[in-house]
Amino acid sequence: MKTWGQVLLLYATGLGAAGQFAKLSSGFAGLESFYGEAAGQLGFAVSLISFLGVALGLVAGMIVARIGFRRVLVAGLVLGAVLSAFQATLPAMPLLMLSRLVEGAAHLAIVVAAPTLIAEITGDRERPVAMSLWSTFFGTGFALFAYFVTPLAEVHGPALALWLHAGVMAVLAAVVPFVLPPARTHSEEPLGVREIAARHVAVYRSPFIAAPALGWLCYTLTFVSVLTLLPRLARDAGWLATALPLVGIVMSLTLVAALLRRVPAVPVVIAGFALAALGVAAIALAPASPLPWIALFAVLSLVQAGSFAAIPQLNRDLSARALSNGAVAQMGNLGNLAGTPVLLGVLALGGLPGALTFLGACYAGGVALHLWLARRRRLS
């Protein structure tokens, strides 16, 4: 029970990391009203964290492995609390944008350190379930903010969401050092520009460290972009936008978690991508039905949970796991940044058939990448 208490605490830090995106979305209308003519930049402010994730995702993995997982996690929570409190003062737009850029460091610290610690403190039997739980942090965090915080922000103003987030992050920062054990190993790898460049090459050449991240790119290119552009893709977009993430969360925590106890993670991910490609074909055959969309997000939960479970299965070394989580953060942010504009452009050029072709290509690419990397692992 102690281990699961620690896992749930780490999961709570993940919800806080998701809140770094959701807190602005919760009070978005109020923020638009407050900032007036400058409100056009708010959309960029929401996603600005992702730019740092693309640039420094793998560097975060190197830093975490070097100075300690728990220490970096606490630092990320403290920095996140301070920045949310600053943002709650509703500063001038340039200062808000700067704070969001810096907040990318806090977000990376959490999403690299927390899953690495989860894999470290759990045994082989509990780890697949724990990683399946972790894989739901982003969708769950958004759902919680939408249900609890958005109504409060609508009544009391957008600053309330930011103050609440600051308080949650501060409480987590205070609790983590007393509940979580320190990591047993640290890396002494230097962090110069040359070493960082060399590490990027080494990581993405490794069929063990890079596999979860490269597959994750194929997933993230479609997940947020589909939810964002759902009104242009599906007839019943209103309720589907709420239902689809929940389908993925429920599947990850039930059927997929049970499956990962019996089947290695990489075959689960490959199956998820293959079934997702079939789901896209079903949408093409029945574009007016919501059922194929539900089926698509149900099978994508295999990719979602399996990708995080694959990190500790493919990498036994703690530093390698940190680098793999950093690469997943890097590729995930790249997918989130590129997915929506690419899908939007494909929709403009080719309509729904073009969009479905893009989705199918992403999922087929996920299958091909994982099969190729699995072959490289067998030959290494």
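Trainee: Which residues lie nearest the centre of the largest pocket?

Mentor: Start with the lining, then look to its middle. This is a predicted model. Its largest pocket is lined by 44 residues. Nearest the centre lie Phe21, Phe138, Phe142, Phe223 and Val224.

Trainee: Which elements give two or more residues to that lining?

Mentor: Several helices do. They are H1, H3 (42-67), H5, H7 (137-156), H10 (211-228), H12 (237-260), H14 (291-314) and H15 (318-379).

Trainee: What is the volume of the largest pocket?

Mentor: About 1500 Å³.

Trainee: How do the lining residues divide into nonpolar, polar and charged?

Mentor: Sort them by class. The lining of the largest pocket has 25 nonpolar residues and 19 polar ones. None is charged.

Trainee: Now the closed spaces. How many cavities of 30 Å³ or more does the structure hold?

Mentor: One. The largest cavity holds about 30 Å³ of space. Its lining consists of Tyr219, Phe223, Leu244, Pro245, Gly248, Phe297, Leu300, Ser301 and Gln304. Note Phe223: that residue lines the cavity and is also one of those nearest the centre of the largest pocket.

Trainee: Which helix supplies the largest share of the cavity lining?

Mentor: H14, with four residues. At least two residues each come from H10, H12 and H14. By class, the cavity lining has six nonpolar residues, three polar and no charged.

Trainee: On to charges, then. What should I look for in a salt bridge?

Mentor: Opposite charges on side chains can pair when the charged atoms come close. In this structure the count is two salt bridges. Take Lys23 and Glu103 to begin with. Their closest N and O atoms are 2.6 Å apart.

Trainee: Which parts of the chain does that pair link?

Mentor: Distant ones. Lys23 sits in helix H1 (residues 2-26), Glu103 in helix H5 (residues 93-121). The two are 80 residues apart.

Trainee: Why do Lys23 and Glu103 count as buried?

Mentor: Check the relative accessible area against the cut-off: buried means under 20%. Lys23 has 1% relative accessibility, so Lys23 counts as buried. Glu103 has 0%, so Glu103 counts as buried.

Trainee: And the other salt bridge: how far is N from O between Arg100 and Glu103?

Mentor: The distance is 2.9 Å. Both residues lie in helix H5, three residues apart, which is about one turn of the helix. Arg100 is buried, as is Glu103. Shared partners join Lys23, Arg100 and Glu103 into one network.

Trainee: What does Leu73 touch, beyond residues up to four places away in sequence?

Mentor: Its partners are Leu10, Thr13, Ile110, Ala113, Ala114, Leu117, Val176 and Leu180.

Trainee: One last residue. Is Asn333 buried or exposed?

Mentor: Asn333 has 7%, so Asn333 is buried. Its place is in helix H15. Leaving aside neighbours within four places in sequence, Asn333 contacts Ser50, Gly53 and Val54.

Methods. Residues are numbered from 1 along each chain as its sequence is written. This is a predicted model: local features need pLDDT of at least 70, side-chain atom pairs count only at pLDDT 80 or more; totals for chains, interfaces and linings use all residues. Side-chain values use heavy atoms; hydrogens and water are left out. A salt bridge is a side-chain nitrogen of Lys or Arg within 4 Å of a carboxyl oxygen of Asp or Glu. Buried means under 20% relative accessible area, exposed over 50%, partly exposed in between (1.4 Å probe, protein chains only). On a 1 Å grid over the protein atoms alone, a cavity is a set of points where a 1.4 Å probe fits but cannot get out, and a pocket is an open set with protein on both sides within 12 Å along at least five of seven lines; lining residues have an atom within 4 Å of a point. Grid points are joined across faces, edges and corners, and a volume is the space filled by probe spheres set on the points. Ala, Val, Leu, Ile, Met, Phe, Trp, Tyr, Cys and Pro count as nonpolar, Asp, Glu, Lys and Arg as charged, and the others, Gly among them, as polar. Contact means heavy atoms within 4.5 Å.
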